[in-house]
Each structure stands twice: as structure tokens, then as C-alpha cells.
Amino acid sequence: MQTWFPEIWASYVDLHQAYCQRYPHLHLIAPRCPFTAISLNIGPRAVCHRHLDFLNTIAGMCLIFVFGRFSAEQSAHLILFEATVLMEAPHGCIIFLPSAALSHGNIDLLFGETRNVFTLYLPGGLFRFRDHGF
């Protein structure tokens, strides 16, 4: 994310540093990872209907890592509704998505397939809390 969205990355790092200074007992998800929240959907059939992650920061990105045993050409496509995009998201794919700004979902899997999703994100309330003096 630092390469493709450097300003968003910098704002996440600044936020993280502010929280770590204010609350030194907080722990990081991983070194150099400015995301503060994780969602792991191990399915085995991780499929989501159209939605917005309205609690995430509106000006940010979430990172979605897709893995499992499925045919990316035939199933599990990611749908970005306002952008009118239907895209393949194969095993091992990493997607950066403004999940609070674009409604998204994915199509169902074929019989016998498995799909899992690991998502990193940053709740928008953390910015508001910091910006109002904690």
C-alpha cells in the first residue's frame, strides 16, 4: 500500500504513531503494518452480498487477501457496483479497495469450492477520536 497509496499510508502511520504515543500498552498487528483491524473469514465458502464498510475510514483503503480452492475464472468474482466492474480474484490475490466508498460483494462459489478472505482495515472512528483530542 505504501507504494500505490503513499498519502493514505502516511496518514495511517501518523495515526498509529499518535495512538502508540498516547496509549503505549497498545500492540501492533505486525511491524510496519498501520492497519488496526483484521477480519478473517475462513468460510469455507466466504461469499458476501453487496455492502459498504461504512465504519471504515472513507478516505482509506482496506487490504483483501483471497485464498482457497476455487476457479477464479468461473466463480468468486469481485463486484464493484458503482464502478460497474466484475473482476477475477484468484487464490493468492491481494486487492486494495476503498471499502467505505464503493459497494462491493462477490458471486457465489461452485459446488465443492472453498474460498477464504483475510482483510486488514482501519475504522474511521479512530481518526475522529484522535482529531478530537482522544
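**Cavity and pocket**

Tutor: By the rule used here, the count is one cavity of 30 Å³ or more. On a 1 Å grid over the protein atoms alone, a cavity is a set of points where a 1.4 Å probe fits but cannot get out, while a pocket is an open set with protein on both sides within 12 Å along at least five of seven lines; lining residues have an atom within 4 Å of a point. This is a predicted model, in which local features need pLDDT of at least 70 and side-chain atom pairs count only at pLDDT 80 or more, whereas totals for chains, interfaces and linings use all residues. Residues are numbered from 1 along each chain as its sequence is written, and side-chain values use heavy atoms, without hydrogens and water.

The largest cavity has a volume of about 40 Å³, a volume being the space filled by probe spheres set on grid points joined across faces, edges and corners. Among the residues lining the largest cavity are Tyr12, Asn56, Cys62, Pro98 and Tyr121. Its lining comprises seven nonpolar, four polar and no charged residues. Here Ala, Val, Leu, Ile, Met, Phe, Trp, Tyr, Cys and Pro count as nonpolar, Asp, Glu, Lys and Arg as charged, and the others, Gly among them, as polar.

The largest pocket holds about 420 Å³ of space. It is lined by 24 residues, of which His51, Asp53, His104, Val117 and Thr119 are the closest to its centre. The lining of the largest pocket divides into 14 nonpolar, eight polar and two charged residues.
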